[in-house]
Amino acid sequence: MEIRDNTGHPRRWAILGVLVISLLVVVLDNTILNVALRTLADPVHGLGASQGELEWSINSYTLVFAGLLFTFGVLGDRAGRRRFLLIGLVLFGLASLASAYAQSPAQLIAARALMGIGGAAIMPVTLSIISNVFDPRERGRAIGVWAGAVGLAVAIGPVLGGALLERFWWGSVFLINVPVIVVGVILVALLVPESRDPNPGRVDVFGVILSVVGLVALTYGIIDGGEHGFDRPLVWAAIVGGVAVLAWFVAVERRSDHPSLDVRLFRVPQFAAPVAIVGLIFFAAMGVMFFGSFYLQLVRDYSPLETGLLFLPFAGAQLIFAPRSAAMVRRYGGKAVAAVGLALTVVSLGAFVFIDASTPIWIVLVFYFIQGVGMANIMPPATESIMSALPREKAGVGSAVSNTIRQVGGALGVAVLGSVLSAVYRNDVESALTGLPAQAHDTASESISGAYAVAGQLGPAAPKLLAVANDSFITAMHWAAALSALVAALGIVVALRWLPGRTASVPVREAPATEPELAGTA
């Protein structure tokens with residue numbers, strides 16, 4: 001009976017494999033560049049990029065990607081998801097080629113922005129295609145595989161980047177995308193069916209514009225504040241302006257008879273609670289990964305490749321447990337599974353409060369594995385709850401909201417936790433910088449990587465500075481870890497209070513939600 005009534009596409013598992021390949025390229029690129037930054041700054045072996053240019057080589061991608069995720073998810077529902085996926089892949093491949101052969105930092109920044117456009121077209125439609133080709137009974141398992149691929153890509157990016165840089169020039173970290181994209185385009189064209197909203201209605205042009213402006217302004221403010229401090233008017237103008245525009249977007253959507261996003265969905269716990277959990281967990285987790293990389297490479301003196309390898313327990317846990325989360329949800333309910341996953345994540349993040357320069361590295365690896373297990377049991381049930389709150393033909397909206405919250409939450413986590421890290425570090429390291437020239441003093445007080453750069457020019461005085469810098473960084477890491485664990489713990493409260501449990505029936509909507517339907521579920 002199960003097989004006869006299955007409404008999924010006959011090639012759905014092969015289609016999932018193609019979507020995972022497409023997704024891997026986007027997520028890999030978001031992490032692989034980090035290990036190439038030092039090389040890009042080298043005037044001989046790289047582009048001689050300044051610190052600001054290095055920051056924008058990352059931020060131009062993030063800014064465009066976050067700003068367009070929602071819009072492209074909505075437009076993919078209208079214009080055709082396979083079409084958007086193919087356009088996104090081709091653009092991403094061409095921009096990767098341009099990035100690999102950039103002749104100046106400005107060219108690299110521009111090419112990375114184009115990659116952000118391609119990535120924003122790819123990511124939301126992969127999830128919405130999954131919702132359309134899988135029967136609701138299999139969708140949770142498929143989303144688990146999708147989430148596992150995201151976790152795997154986050155961890156193997158630095159490994160792949162380090163391996164490429166040890167053998168080839170810096171452009172190889174971008175060029176590696178091209179053959180994968182070519183294979184992906186061919187497989188998408190052959191295997192993935194076209195799907196779209198059969199009753200799209202009019203385009204909500206004004207709402208789309210407001211969402212882009214609001215998300216870009218908010219993301220810019222978060223990124224710029226995290227890197228240069230939140231004590232400047234420009235930062236708060238961007239953040240407050242972005243929030244104000246997004247509030248305007250919500251007001252417009254509430255009054256519109258053809259909204260891009262039906263904001264009444266946020267009155268539905270099945271939709272709103274997992275959206276909040278996704279934002280909180282990515283805030284906490286991405287902030288910890290940010291300072292974890294500095295801890296491993298500077299305090300513990302591991303190479304970029306070794307650092308990437310040390311993240312593999314996290315990736316392995318994602319790969320093993322995320323595809324199995326759907327079975328856990330069926331047995332114990334989404335509320336219980338997500339709450340346990342969140343608790344494991346809180347434990348792993350909080351453990352960094354007790355880790356120092358002499359902690360055996362195997363203990364660090366154990367907590368990375370625990371974090372991977374925890375997040376593998378948070379993201380799939382949360383994402384499945386978001387997607388099941390919408391009809392299949394509106395899947396792009398759910399995917400767009402989920403991925404936008406993930407991206408903005410991660411950026412906010414890096415910015416806020418990074419600011420906490422910098423403030424505590426600067427306060428603690430100040431005593432060791434007395435007597436240094438002004439420029440060296442400013443560089444060493446800015447970050448632990450700056451202290452290491454200054455120490456290279458101090459001769460016999462270097463060990464003392466490095467010892468104080470390491471101690472100051474670890475103290476700062478403890479404060480940031482405690483804050484990240486508290487933020488993740490809020491997710492437990494949200495899960496226990498609002499996520500549906502095992503006995504709650506999850507309706508499978510096959511038609512657009514009407515006013516009475518939404519009112520009844522609110």
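Select H11 and helix H20 (residues 448-455): the two pack at an angle of about 20°, with their axes 10 Å apart. An angle under 35 degrees counts as roughly parallel, so H11 is roughly parallel to H20. Keep in mind that this is a predicted model. The crossing of H11 past H20 is left-handed.

Now show the side chains at this contact. From H11, pick Phe-294, Leu-298 and Val-299. From H20, pick Ile-448, Ser-449 and Tyr-452. Sorted by class, the contact of H11 with H20 holds five nonpolar residues, one polar and no charged ones.

Stay on Leu-298, a residue of helix H11. Is Leu-298 buried or exposed? Its relative accessible area is 12%, so Leu-298 is buried, the cut-off for buried being under 20%. Set aside its neighbours within four places in sequence, and Leu-298 is in contact with Ile-448, Ser-449 and Tyr-452. Draw a distance from Leu-298 to Tyr-452: their C-alpha atoms are separated by 8.0 Å, although the two residues are 154 apart along the chain.

On the H11 side, select Ile-281, Phe-282, Ala-285, Met-289, Gly-292, Tyr-295 and Leu-296. On the H16 side, select Ile-361, Val-364, Tyr-368, Gln-371 and Met-375. Colour by class and the contact of H11 with H16 shows 10 nonpolar residues, two polar and no charged.

Follow the chain out of H11. Asp-301 sits in the loop between H11 and helix H12 (304-310). Check its backbone: phi of Asp-301 is near 65°, a positive value in a residue other than glycine. Asp-301 counts as exposed because its relative accessibility is 64%, and the cut-off is over 50%.

Move on to another helix pair. Select helix H14 (residues 325-332) and helix H15 (residues 334-350). They pack at an angle of about 125°, and their axes are 7 Å apart. That angle makes H14 oblique to H15. Look for Met-328, Val-329 and Tyr-332 of H14 against Gly-334, Ala-336 and Val-337 of H15. The contact of H14 with H15 has five nonpolar residues, one polar and no charged.

Helix H10 (residues 233-255) has 23 residues. From first C-alpha to last, H10 reaches 33 Å, close to the 33 Å expected at 1.5 Å a residue. Which residues of H10 are buried? Select Val-235, Ala-238, Ile-239, Gly-242, Val-245, Phe-249, Val-252 and Glu-253.

Go to helix H5 (residues 105-133) for another length check. At 1.5 Å a residue, its 29 residues should span 42 Å, and its end C-alpha atoms are 42 Å apart, which agrees. H5 is mostly covered, with 22 of its 29 residues buried.

Last stop: Glu-55, found in helix H3 (residues 51-79). With a relative accessible area of 12%, Glu-55 is buried. Draw one more distance, from Glu-55 to Ile-176. Their C-alpha atoms are separated by 22 Å, and the residues are 121 apart along the chain.

Conventions:
Residues numbered from 1 in each chain as written. Predicted model: local features only at pLDDT ≥ 70, side-chain atom pairs only at ≥ 80, totals over all residues. Heavy atoms only, no water. Contact = heavy atoms within 4.5 Å. Helix = DSSP H or I, 4+ residues; strand = E, 2+ residues; numbered from the N terminus. Nonpolar A, V, L, I, M, F, W, Y, C, P; charged D, E, K, R; others polar. Expected span 1.5 Å × (residues − 1). Buried < 20%, exposed > 50% of the residue type's maximum accessible area, 1.4 Å probe, protein only. Axes fitted to C-alpha atoms, helices over the stretch in contact; angles between N-to-C directions. Parallel < 35°, antiparallel > 145°, perpendicular 65-115°, else oblique. Left-handed = near helix turned anticlockwise from the far one by under 90°.
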